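Could you walk me through this structure in my viewer? I would like to know what to select, step by step, and what I will find at each stop.

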Amino acid sequence: MKIACLAGDGIGPEIMAEAKKVLAALDLPDIETADADVGGAAYKAHGHPLPPETLALCKASDAILFGAVGDPSCDNLERHLRPEQAILGLRQALTLFANLRPATMFPGLEDMSALRPEVAREIDLLIVRELNGDVYFGEKAIRTLDDGRRQGFDFMSYAEDEVRRIAHVAFRAAQGRDKRLCSVDKANVLETSQLWRDVVIETSAEYPDVELSHMYVDNAAMQLVRNPGQFDVVVTGNLFGDILSDQASMCVGSIGLLASASLGEAQTDFGTFGLYEPIHGSAPDIAGTGKANPMAMILSLAMLLRHSLGLEAQAQQVEAAVAKALEAGVKGADLGGGAGTAEIGDAIVDLL
Ligand code: NAI
Ligand code: MG
């Protein structure tokens, strides 16, 4: 099994080093890692944020572990040369259409949440957001009508195969968790949502062990803050998922703890091809200080083990070690603690 490691910019290399320590500590047979440049680092070395050799390595791998991109010294470059284009380029080139964002409350961190501790304590959910379709990619323009008024429009659409493939990802994710899936749409108003709902129901026939429910997006936004504990897996379209996934992540608190996966269509011998990254950026303000919390990166590695390498037991081991480290008070600056990047990585390795 081959993992492409793209550390990127800012704190990216610092947190990647800790994830690699954890991978080494698992002592898995037949795992190979290979590094490549991405983002501002790649622009400086090769003149492009996503050089062909980096893309080729990713295509030849079973999964990608991605740090973060973004370098203030590149702020004046043309848009297509900016570090952030690398992640968009990878999503497009590899058809990464399923964005998975777990939001789990770790014990003892309830005070970091924007919600009341007794409500926050119950959060253990996964948002599955479709990434390649919906209103973001439809025909769009600002035009002038015959009577001279300006009108903006964005065409919302989903084809049934686009809905089916994200539904399969969500049902399979639910099978690996509490076996409950809530599909979020706006089927009372939108035809796109009606098709979405019909296709999700059709797909559910293949997953009789998963309990399926449906919720309108406005209600889902309310329920996420009222009673987030009711959700296990949530599946939704690109627009609704963009908003709900940010909302859900802030319900648990620190940015240094939140992992994500972007899965593709390709099936490898072990699982689904995907890219795994923390949801935070390159944090240039703390780069080089040794203060970055590597936990989001390490939890992204756990997701990689689970979804791309089929190593569920090892994924759970890593997640348990992170939880134990937090319980033992190993906290980075983002959690009001004093532990440094390497110290946190070492503590997790010890617990493993
Ligand atoms: P950011 O997430 O990098 O930082 C926001 C704040 O959170 C900063 O104060 C930072 O120090 C802190 N922070 C972030 N990660 C942390 C960690 N692991 N441990 C401790 N503290 C942490 O967002 P910002 O500042 O808006 O963007 C910085 C650069 O990152 C920009 O160039 C942006 O475009 C890029 N970016 C890249 C992403 C990616 O690679 N997928 C995602 C988001 C932003
Ligand atoms: Mg967003």
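Start by selecting Arg-91, Arg-101, Arg-129 and Asp-218, which an unreviewed UniProt entry lists under "binding site". These residues are spread over 128 residues of sequence and also in space, with up to 28.2 Å between C-alpha atoms. Keep in mind that you are looking at a predicted model.

Next, zoom in on Arg-129. You will find it in strand 5, which covers residues 124–130. Is Arg-129 buried or exposed? Arg-129 has 27 C-beta neighbours inside 10 Å, so it counts as buried, the cut-off being 20 or more. To see what surrounds Arg-129, leave out residues up to four places away in sequence and select its contacts: Asn-99, Thr-236, Asn-238, Gly-241, Asp-242 and Ser-245.

Now move to Asp-218, in helix 8 (residues 217–226). Here the count is 13 C-beta neighbours inside 10 Å, so Asp-218 is classed as partly exposed.

Finally, zoom out and colour the protein by secondary structure: there are twelve helices and twelve strands. The C-alpha trace spans about 60 × 45 × 40 Å along its principal axes. Does the radius of gyration agree or disagree with a compact globule? For 352 residues such a globule would have a value near 20 Å, and the protein has 20 Å, so the two agree.

Then turn to contacts between residues at least 6 apart in sequence, where 76% join residues at least 24 apart.

Notes:
Residues numbered from 1 in each chain as written. Chains lettered and ligands numbered in written order. Predicted model: local features only at pLDDT ≥ 70, side-chain atom pairs only at ≥ 80, totals over all residues. UniProt positions renumbered as here; feature names shortened; annotations may be inferred. Helix = DSSP H or I, 4+ residues; strand = E, 2+ residues; numbered from the N terminus. Buried ≥ 20, exposed ≤ 12 C-beta atoms within 10 Å, placed from the backbone. Contact = placed C-beta atoms within 7 Å. Rg over C-alpha atoms; globule rule 2.2 N^0.38 Å.
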